[in-house]
Amino acid sequence: MTDDVSRNERIKEASDYLRGTLAEGLREEITGGIVEDDQQLVKFHGMYLQDDRDLRPERTRKKMEKAFAFMIRVRIPGGVLTPQQWLALDEVSRVYGNGTMRLTTRQTVQLHGVIKSNLKATLKAIDTVLLNSIAACGDINRNVMCNVLPEQSRAHAAAIELARSVSDHLLPHTPAYREIWLDGERIAGGEGEVVEPIYGKTYLPRKFKVVVAVPPSNDVDVFAHDLGYIAIADGAANIIGWNVTVGGGMGMTHGELDTYPRTADVMGFCKTADAVKIAEAVVTVQRDWGDRKSRKHARLKYTIEDRGLDAFRAEVERRAGVKLAPPKPFAFTSTGDRYGWSEGSDGRSHLTLFVQNGRVHDVGGVAQQTALRTIAQMHDGEFRITANQNLVIANVPTSQQAEIERIMREADLLAPWSGLRRNSMACVALPTCGLALAESERYLPDLLTALDEQLAAHGLSADDIVIRMTGCPNGCARPYLAEIGLVGKGPGRYNLYLGAAFDGSRMNKLYAEDLDHAGIVAALEPVFAAYAGGRQKGERFGDFAIRAGFVAASGNGRDFHDNTGDKRAVQ
Amino acid sequence: MEMSPIPKTAPFAEEEIDLLNRVVGPASANQRAWLAGFLAGLDAAGAGAVAPQPAAPARPAEPLTIVYASESGNSEKLAGDLAKSARKNGLKPTIIDMADLDLSALTTAKRLVFIAATWGEGEPPARATRVYNELMGDGAPRLEGVEFGVLALGDTAYAEFCAIGKKIDERLAALGGKRIVDRVDCDLDFAEPAGRWIGDAVKALAPPNAGGRVIEVDFGAKPAPALNTDVVEAEIIEYVDLNSSRSDKETIHLALSFEGGAPAYEPGDSLDLYPENDPAYVDDLLKAAGLSGDEKLRAEFIKSRDVTTLSLKTVEIYASSTGHQYVKTLLDEGQAKEWIGGRQLIDLIATFPIALDAEKLRALTRPLAPRAYSIASSRREVGDEAHLLISAVRYESHGRARKGVASSYVAERLKRGDRVRVKVKPNKHFALPAPDKDIIMVGPGTGVAPFRAFVQERRATEATGRSWLFFGDRHFTHDFLYQLDWQDALKDGALTRMDVAFSRDTPEKIYVQHKLWDRRAELIEWLDGGALFYVCGDAKAMAKDVRAALVRAYADVKALSPEAAEQAVVTLEREKRYLQDTY
């Protein structure tokens with residue numbers, strides 16, 4: 001390894017396959033934290049060391065270290081949980097966490113506020129229902145997402161099978177998780193044994209995300225991830241194979257124009273039997289070709305920009321021993337969820353709930369967590385977490401429909417939200433996320449209330465408009481694919497992006513910088529007014545913003561920072 | 001301190017050497033001198049002579065054994081007053097801490113005085129518990145021919161007023177002793193009745209040939225107090241609630257600064273803090289008594305009277321001074337004792353209102369006593385400061401919000417820059433050992449205060465002994481008192497190791513005693529190596545649980561019977577290696 005690799009590469013290499021000194025750090029009772037190198041390694045085990053940033057100002061004065069606690073991100077391929085698994089997560093969130101469950105934009109559950117001394121007990125409790133947090137974060141393949149498909153049971157079965165196969169195949173092999181968190185025996189590797197046949201000692205240069213989409217729904221935002229599969233069906237709705245997408249990713253850094261979000265390219269078409277081989281090949285090419293010097297330039301999207309899609313495809317085909325066919329035609333309609341009841345092709349019913357920002361809790365007299373616990377206790381179908389931080393109660397027999405609907409309605413999970421709110425997402429941000437520059441989850445509901453008033457005045461309350469907010473430019477809530485994107489710049493300040501496609505195929509473009517609350521409201525007012533007065537039939541808000549000249553259209557990424565402000569293209 | 005003064009080579013059997021060491025080892029210089037004189041006299045009188053005849057004094061003085069059982073130091077101080085007065089009146093007093101008393105020695109004590117405090121709900125002072133139980137037990141020696149008197153200290157605010165003094169008094173008589181001065185039970189304002197009793201006792205105990213002399217007692221005219229026990233003013237230069245804003249607890253760290261230097265305190269000592277009452281409470285009380293508007297009385301009550309305590313005595317005074325019929329009935333029917341539980345003076349007056357004047361109301365109150373807090377700093381580290389750690393006491397009973405007088409004075413009415421009145425209260429029974437000794441400290445909650453002083457002192461003196469702290473509270477994140485200090489101490493070596501127990505972070509509550517149990521092997525190893533074991537904090541549950549855990553640890557680690565394990569801890573107590581400061 002050369003001298004100029006990033007610090008994280010050295011940490012990984014020296015970690016003895018992700019062990020580091022985590023076991024020793026857990027025994028250190030006097031601090032709630034762990035040492036710096038272990039903070040990087042613990043991500044591979046699905047955890048982040050965080051601290052309650054609301055409490056930071058008082059801690060030193062009170063002679064206390066930062067209010068450290070861990071976020072645990074569970075690995076849930078396709079977001080599908082049994083009621084027993086839901087109950088287990090619900091319980092640990094209340095016993096060891098901060099009393100809330102957070103459904104994420106990547107179909108998992110995050111537990112927040114777990115202090116170090118409770119980590120093992122929490123992970124052991126999760127393990128009893130066959131869940132874990134292995135590789136939920138870190139430079140490795142993370143949770144594999146899958147369309148929730150409430151109305152296409154057959155397609156869902158095929159999609160979730162692929163998601164699980166890819167997830168299993170790309171799991172790390174190191175026994176470190178079991179050793180450290182579950183008190184498993186240290187398993188000594190045999191002489192010369194290859195511990196990580198896919199990843200090697202240093203895993204991937206950066207995070208790696210895989211999704212499976214089934215048109216016409218693009219709820220997983222297939223273009224926002226490193227590797228994607230788009231189901232291609234025949235006339236009889238049988239899935240015949242998959243279009244493979246590569247090189248999507250949301251993260252960027254404010255003020256650094258060589259960092260940018262990027263939508264994925266459609267690389268080709270493969271048969272189901274070859275899909276896992278393709279996944280492994282994409283991962284190993286990125287492992288070997290990806291940039292290990294600059295973490296800001298290490299995602300697959302930059303590898304593809306630097307090497308070109310053709311070269312990348314050729315190498316993947318070579319390694320997989322599979323020749324990709326040209327992509328098949330497909331069409332997406334939206335990235336949102338379809339709320340309410342839907343009936344699957346097998347006669348079972350599914351209820352999609354709106355969970356504001358994915359936060360499941362009992363607060364302000366609304367007992368959503370309690371209500372969902374009640375459902376989990378009576379229900380023997382599935383819980384499916386959607387890519388929009390919502391929840392599907394899946395496979396409900398007819399006999400339980402009325403009762404489940406009553407409980408969910410009482411808990412405000414079926415309330416008639418505005419078109420803007422039901423298409424909203426926010427990342428966690430403050431107070432737990434260490435990267436947040438501004439509020440997100442705690443602020444978006446209030447902003448929506450203000451915007452809803454404006455929309456109502458323009459008669460737009462019922463229109464579906466996608467709005468997403470993040471507290472920093474890393475893009476966990478995929479803000480660059482929202483018709484209205486808001487990205488935190490500093491305390492109370494946001495950059496406003498407009499013009500993304502409603503179906504998730506085109507990114508937005510910077511419209512105004514450094515806006516405070518009043519600034520956001522004032523900036524959007526004329527756009528809403530123009531849209532209400534000037535839209536064409538069926539024209540989406542994002543498309544209108546471009547046609548009306550508020551912003552230029554974004555390409556797939558490299559041009560993301562072009563044509564903004566004074567250089568805005570006027571049509 | 002040298003624990004084994006009698007060498008193994010002494011012409012005694014091994015058990016006898018042990019026995020002698022147990023007596024002579026912890027004996028004070030005074031006691032050793034007496035023993036030397038006594039043995040010399042014994043020899044001079046020849047075999048068979050029983051009467052101890054100390055050789056030294058020209059005019060032989062009659063011996064007087066003064067035993068005190070002290071928690072806060074009052075009994076100990078009175079023992080000193082009595083000894084002084086006794087000496088002037090032809091007696092040769094020996095003062096013995098009940099914690100160190102060998103009961104068999106009492107059989108030869110011709111004259112015996114016990115000064116015994118009652119603690120909490122009718123319990124002996126922690127240090128005296130072991131010997132007290134021996135005295136009450138079947139194995140206690142007969143005391144025929146021993147003349148005795150008992151002075152009892154207590155607090156009428158507690159139901160079992162002076163219970164320990166009463167029981168010792170009865171027990172000494174039952175063992176055959178002859179009571180030659182009647183017991184007196186003293187309340188918090190003990191100075192005057194205790195002084196009078198000392199006078200009576202000395203008169204009764206003094207040898208007849210001392211007759212004609214005026215019995216002198218010094219209680220009234222105090223000599224100028226030593227500098228370090230003066231009441232002094234201090235300025236609050238740091239005021240921090242150490243609990244996080246998310247905690248349901250409030251524990252105030254106070255840094256006090258003294259003009260012209262901090263009083264001479266040592267690690268383990270306490271500061272008596274002179275509080276003031278909550279003006280709102282006093283207003284409520286005056287209103288209930290129909291005395292609102294009496295500004296003079298209000299000011300007096302806020303500053304100097306205990307206006308919250310409700311004792312049986314208060315109820316009796318109320319009944320007799322007002323003639324309130326219901327209150328009389330309450331007393332006559334024996335319900336008063338139960339009624340006062342969890343209630344305060346204001347409840348009595350509000351529940352049984354009757355016209356009161358200032359004089360009658362004042363008579364229901366006692367002087368406002370200071371509250372002692374363990375000092376949380378070492379002068380060698382903080383210079384002219386003293387630090388206190390004060391937990392706000394708040395609870396509800398009988399539909400009223402209640403507050404600790406001193407703690408709410410600090411938590412609610414003081415701020416940085418304010419001045420408070422304090423006095424050093426030495427605690428020589430809770431001091432650091434020689435710097436090369438290992439120490440184990442168990443201090444959950446505010447019990448950790450003296451150990452901050454210990455650790456600071458050991459850092460400043462570059463002590464070589466190891467130190468091990470057990471701390472506990474509710475939540476790691478919100479209640480870890482002085483966390484950064486301990487982290488620093490572990491880094492610089494002033495603290496060797498630390499174990500923590502946070503009770504509300506897990507479904508099953510974990511307390512310091514559980515941590516002691518978890519670490520039992522190393523704990524016993526440290527103790528076998530001569531470590532001292534300190535416990536500070538809650539007396540009701542924690543101190544007992546900790547002791548029980550240590551007994552179980554001995555039983556488990558050394559495969560001892562429960563009795564033998566208990567004996568191992570008793571030995572630690574005897575050797576003054578198990579030390580408590582509990583409240």
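Good morning. Please keep in mind that the model is predicted.

Where does B:V393 lie in chain B? The residue sits in the loop that runs between β12 (385-391) and β13 (394-397) of chain B. Setting aside residues up to four places away in sequence, B:V393 touches B:K403, B:G404 and B:S407.

In soluble globular proteins, nonpolar side chains tend to be buried together. In this model the largest nonpolar core has 250 residues, and those with the most contacts inside it are A:A159, A:V212, B:L388, B:M441 and B:Y534. Helix α21 (residues 542-557) of chain B supplies the largest share of this core, eight residues. Another core, of 51 residues, lies apart from it and includes B:Y68, B:L106, B:V131 and B:F148.

B:L388, leaving out neighbours within four places in sequence, is in contact with B:L254, B:L256, B:L271, B:Y373, B:I375 and B:A376. B:Y534, for its part, stands opposite B:L579 in β20(B).

That brings me to the sheets. In chain B, five strands form an open sheet in the order β18-β17-β16-β19-β20, with parallel pairing. Its edge strands are β18 (497-502) and β20 (578-582), each of which pairs on one side only. From one strand to the next, the twist averages 10°. Within this sheet, β19 (residues 532-537) and β20(B) run parallel and are joined by five bridges.

Chain A also has an open sheet of five strands, ordered β18-β19-β20-β21-β22, but here the pairing is mixed. The edges are β18 (424-426) and β22 (509-515) of chain A, again with pairing on one side only. The twist in this sheet averages 15° from one strand to the next. Strands β20 (residues 484-490) and β21 (residues 493-498) of chain A pair in the antiparallel sense over six bridges, and A:I484 stands opposite A:L498 in β21(A).

Finally, the interface. How many residues does each chain bring to the contact? Chain A contributes 17 residues and chain B contributes 20 residues. On the side of chain A that touches chain B, seven residues are nonpolar, four polar and six charged. Thank you.

Methods
Residues numbered from 1 in each chain as written. Chains lettered and ligands numbered in written order. Predicted model: local features only at pLDDT ≥ 70, side-chain atom pairs only at ≥ 80, totals over all residues. Contact = placed C-beta atoms within 7 Å. Nonpolar A, V, L, I, M, F, W, Y, C, P; charged D, E, K, R; others polar. Helix = DSSP H or I, 4+ residues; strand = E, 2+ residues; numbered from the N terminus. Core = buried A, V, L, I, M, F, W, Y, C linked by C-beta atoms within 7 Å. Buried ≥ 20, exposed ≤ 12 C-beta atoms within 10 Å, placed from the backbone. Pairing = 2+ DSSP bridges. Axes fitted to C-alpha atoms, helices over the stretch in contact; angles between N-to-C directions.
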